[in-house]
Amino acid sequence: MAEVSLKHIYKVYPNGTKAVNDFNMHIEDKEFIVFVGPSGCGKSTTLRMIAGLEDVSAGELKIGDLIVNDVEPKDRDIAMVFQNYALYPHMTVYDNIAFGLRLKKLPREEIHKRVVEAADILGITEYLNKKPKEMSGGQRQRVALGRAIVREPKVMLLDEPLSNLDAKLRTQMRAEISKLHNRLQTTFIYVTHDQIEAMTMGTRIVVMKNGFVQQIDTPKNLYNYPENRFVASFIGTPQMNFFEGTLKREGDDVNMSFADCGVRITVPYSALYKAQPKYLDGKTPVYIGLRAEDITIAEADGRAVIKVAVSHKEELGNETLVYGTIKPEGGYAEGAASIVFKDVSGRDIKAGDVLDVALRLERLHLFDKDTEMSVLPRIPEYNYLDCEVKGGRLEFAGAELALPEACRCADGKYQLLLPADAITPAGELKAKADDCEEINGVKLVALNIGGTRLYAVNLDAAAGKEVSFGIDLKKITLTADGECVVAPMPAENEIDCRFVKRKTVVTEEVNGRIKRKRAVRFGFEAEGAFFEASDTAVQKIFAALGIKKPLTAKFKLVCGVYDLAVAESGIAAKVEGLVCYGAEKFLRCSVGGRDIYVAADREYCGDIYLAPDFEKTGVVETERDIKII
Amino acid sequence: MENKRYRSKKLWEKTSLALIYAVLIIISLIWLVPFFMLIILSFRGEHVGMSADYLFPKQWSFDNYIKLFTETKFLTWYGNTMLVSVVVTVFQTVIVLMTSYALSRLRFKMRKPLMNLMLILGMFPGFLSMTAVYFVLKEINLTQNLLGLMLVYTASSAMQYYICKGFFDTIPKSLDEAARIDGASRHTIFVKIILPLAKPIIIYTILTAFIAPWGEYMFSSFIMLGDPDKFTVAVGMKSWLDNSTMASEYFTVFCAAAVVVSIPITALFIWLQRYYVEGITGGSVKG
């Protein structure tokens with residue numbers, strides 16, 4: 001049993017294809033994690049990297065406390081079940097299960113005990129003397145499971161184990177694998193393209209597409225709070241209905257217009273608090289998403305009732321899937337106007353009927369038409385407010401605070417972009433906490449300040465209580481007519497560098513005598529400064545780029561403003577100015593044509609040297625944009 | 001609607017089958033007649049040399065076989081050939097199987113160019129390098145030596161990788177991967193997983209590895225030149241036909257020797273053909 005940690009994992013093939021991009025995840029002990037996604041999304045590649053069957057191009061893969069990037073599969077303490085069973089055809093079931101144990105040179109009695117026990121758990125005792133070809137698909141997959149569980153691994157890896165079975169057997173085996181997980185109390189990582197398997201088995205699901213992680217969450221949260229249109233469409237059967245449309249706020253209501261068909265309904269603004277104001281301007285196109293079960297046949301006219309012309313239906317016994325179009329004139333349902341909903345009332349519905357259907361607006365999903373990201377994120381990243389700057393003071397929603405020198409701008413009206421994490425517990429501002437919710441370990445507090453809603457993630461408040469807070473002004477943005485007037489302090493600096501080899505002479509004492517010998521050191525060279533790389537860093541660079549490429553490739557050091565310090569020697573920088581946020585001061589320097597910000601305790605001028613803290617500095621290969629360290 | 005006349009499917013099939021069989025029978029006869037002639041001539045008791053204008057012997061006898069084993073060096077040559085063939089078979093089979101497995105499973109730089117190079121080199125007849133090989137062997141004192149012959153036959157074994165590799169490619173890689181996770185080394189996977197599944201191709205490799213040196217004449221005649229005790233059967237038997245007097249005397253003995261030479265290959269094939277079956281991987285993966 002073990003935790004599995006994947007940090008900035010990449011898989012890049014020699015031809016440059018990125019199969020897995022910056023995969024980050026921490027898998028808890030005994031979790032049942034499911035990787036799901038369409039073919040070619042990188043789910044199996046990720047699993048095979050965990051198994052050790054594929055090399056990790058970059059990143060850090062940990063099983064338990066051990067970094068296993070360069071560890072043989074057999075030494076990773078994992079077991080794997082393959083999609084095509086991969087049983088040894090010339091061996092009996094007994095020998096198949098015992099093969100790994102024999103290679104471990106376990107005593108014969110122990111092997112027998114484990115094989116019989118596994119066979120008993122999986123109900124294949126009577127087949128132990130048979131060969132795989134004499135067994136059915138389901139039985140063979142049990143043998144493959146048996147071969148995995150006798151190894152008593154820390155992590156069980158299952159690569160689409162049920163996709164070769166028929167529907168009935170799949171359902172049965174699904175339940176058996178879940179039971180097996182409960183019984184073994186081991187970490188399971190399961191790959192499937194079947195969202196039903198993912199939803200029914202996983203404690204958490206990783207949805208992937210084109211090598212990128214789309215969302216990691218529990219099955220329920222994935223279903224209820226998809227972060228983008230892909231997740232919304234991939235999870236749930238039948239697929240979520242999507243309509244193109246626009247939203248226009250009018251007071252406490254928002255008018256939702258469906259494109260092409262002229263349908264309009266009114267949504268209370270309270271349901272769209274988390275949406276950015278730009279989506280409520282009546283012009284920005286959005287995708288309106290509603291699941292089939294959130295649409296029901298309306299008994300009476302209401303504010304969220306629309307007409308649907310039925311095109312056809314699918315009887316499923318306990319419910320009917322009704323397909324149609326929301327075009328009032330009816331006709332063939334196509335593209336943005338097509339709709340599907342579930343009817344459980346059992347009423348007689350015929351093609352050509354025009355029905356009134358009610359939309360459950362509290363279950364509404366909205367997605368940006370361009371980015372396809374949710375317009376209603378569970379944790380809003382930013383608060384969007386109108387504000388005014390007057391005499392060096394910022395006024396918004398009835399609150400007021402002094403702007404530091406770094407944020408000074410001309411008096412006038414601006415739009416304030418306030419990140420949810422810029423609202424800090426210490427401060428003089430006061431607001432009422434309207435609502436508090438815990439989302440994936442983050443406490444989201446909805447503040448009411450002068451009738452305006454603000455979302456904060458760093459506050460410890462109780463709903464209904466007054467709370468004091470401050471604002472980290474380093475993170476705010478002020479814009480006027482779309483032009484950025486005050487920019488936030490960059491979270492990270494980037495400095496171009498190269499990976500170099502240096503030959504040096506080192507002295508060491510052997511039997512009381514000083515000996516000089518030649519040595520090779522590897523390190524990073526930026527703006528003429530050389531920083532020796534740690535052994536781990538050197539290993540990671542060579543593992544990611546091979547033997548020759550590291551010395552010719554371009555890299556950049558990525559470090560925060562607090563991870564760079566002014567030093568006696570180091571990266572040559574030219575001070576361009578001092579940025580003051582009250583007591584906090586930062587130097588704005590120029591390094592190789594890039595602007596770099598460094599926390600400083602006093603003012604400097606002219607040429608200085610900077611030294612990065614390599615414990616906290618990342619290294620990115622520029623060409624392929626891969627974070628290697 | 002006008003009734004369209006269709007050709008009878010059964011009649012067509014029967015006619016085409018009959019034609020195919022007729023052609024096959026003719027080809028078989030052409031192929032088998034010399035072999036039967038050889039067997040029949042080996043039992044001819046009368047000494048009429050090569051000029052006889054009849055086929056069936058007037059006097060059936062085993063004299064040719066007795067003379068073969070008592071009055072000629074045939075048994076020595078037979079032993080030489082057997083020794084060379086068996087040693088070459090063992091080494092060549094091992095080398096071909098290992099090369100093919102490596103080329104099928106391992107991915108390394110220059111793998112494809114190496115495979116192409118080996119394929120192209122294999123297309124050139126071996127005797128092109130005969131003179132050079134002879135001088136190399138002479139330098140290391142391996143001419144008129146069976147070890148030299150074994151070296152020459154074994155040296156280019158790896159070039160025959162392509163059929164064997166094709167077979168290994170059909171064995172699912174997931175078997176290797178499952179075994180790697182089970183803790184098997186590459187060697188264990190090769191010996192315990194792949195070889196038991198590769199019986200048909202092992203048999204094929206053994207047969208081809210045995211047949212080639214068994215009947216090879218050109219290299220052995222060149223390397224063993226001048227020492228009749230080191231001759232292989234092909235070289236020795238050819239020496240009987242070097243002049244017309246000897247050819248006339250040894251003609252029927254030659255036929256008897258040819259029959260004896262064909263026995264090991266026939267026996268080997270009969271013995272190994274029971275392993276020469278398909279479907280050995282049944283049940284390992286979803287088919």
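Visitor: How many helices and strands does the secondary structure of chain A come to?
Guide: Bear in mind that this is a predicted model, where local features need pLDDT of at least 70, side-chain atom pairs count only at pLDDT 80 or more, and totals for chains, interfaces and linings use all residues. Residues are numbered from 1 along each chain as its sequence is written, while chains are lettered from A and ligands numbered from 1 in the order in which they are written. Helices are DSSP runs of H or I with at least four residues, strands are DSSP runs of E with at least two, and both are numbered from the N terminus. Chain A then comes to nine helices and 41 strands.

Visitor: What share of the residues in chain A is buried?
Guide: A residue is buried if 20 or more other C-beta atoms lie within 10 Å of its own, exposed if 12 or fewer, and partly exposed in between, with C-beta atoms placed from the backbone. The C-alpha atoms of chain A fill a box of roughly 95 × 80 × 45 Å along the principal axes. Of the 629 residues in chain A, the buried share is 39%.

Visitor: Which residues of helix α1 of chain A are buried?
Guide: Helix α1(A) spans residues 43–51, and nine of its nine residues are buried, so the rest of the structure largely encloses it. Just after α1(A), Gly52(A) takes a positive phi of about 95°. The buried set in α1(A) is Lys43(A), Ser44(A), Thr45(A), Thr46(A), Leu47(A), Arg48(A), Met49(A), Ile50(A) and Ala51(A).

Visitor: Why is one side of β6 and of β10 of chain A left without a neighbour in the sheet?
Guide: Two strands pair if DSSP finds at least two bridges between them. Here six strands of chain A form an open, mixed sheet in the order β6-β7-β8-β3-β9-β10. β6(A) and β10(A) (212–217) lack a neighbour on one side because they stand at the edges, each with a single partner strand.

Visitor: By how much are neighbouring strands of this sheet turned against each other on average?
Guide: Axes are lines fitted to C-alpha atoms, for helices over the stretch in contact, and angles run from 0 to 180 degrees between N-to-C directions. For neighbours in this sheet, direction is ignored, and the average turn is 15°.

Visitor: Which residue in β8(A) stands opposite Phe32(A)?
Guide: Strand β3(A), residues 32–36, runs parallel to strand β8(A), residues 187–192, and five bridges join them. Opposite Phe32(A) stands Phe188(A).

Visitor: Which elements give two or more residues to the side of chain A that touches chain B?
Guide: Two residues are in contact if their C-beta atoms, placed from the backbone, lie within 7 Å. By that rule the contact takes 26 residues from chain A and 20 residues from chain B. The contributors on the chain A side are β6 (78–81), α2 (93–103) and α4 (137–149) of chain A.

Visitor: How many nonpolar, polar and charged residues does that side of chain A have?
Guide: Ala, Val, Leu, Ile, Met, Phe, Trp, Tyr, Cys and Pro count as nonpolar, Asp, Glu, Lys and Arg as charged, and the others, Gly among them, as polar. The side of chain A that touches chain B has 16 nonpolar, five polar and five charged residues.

Visitor: Over in chain B, at what angle do the axes of α3 and α7 of chain B cross?
Guide: Angles under 35 degrees count as roughly parallel, over 145 as roughly antiparallel, 65 to 115 as roughly perpendicular and the rest as oblique. α3(B), residues 74–105, and α7(B), residues 161–170, have axes that come within 8 Å. The crossing angle is roughly 55°.

Visitor: At what angle do α3(B) and α10(B) pack?
Guide: Helix α10(B) covers residues 199–215, and its axis and that of α3(B) are 8 Å apart. The two are oblique to each other. The packing angle is about 140°.

Visitor: Where is Pro238(A) found?
Guide: The peptide bond from Thr237(A) to Pro238(A) is cis, with omega near -5°. Most residues other than glycine have a negative phi, and most peptide bonds are trans. Pro238(A) is in the loop between α8 (229–234) and β11 (241–250) of chain A.

Visitor: Is Asp22(A) buried, exposed or partly exposed?
Guide: Asp22(A) sits in strand β2 (residues 18–27) of chain A, and has a positive phi of about 45° although it is not a glycine. With 18 other C-beta atoms within 10 Å, Asp22(A) is partly exposed.
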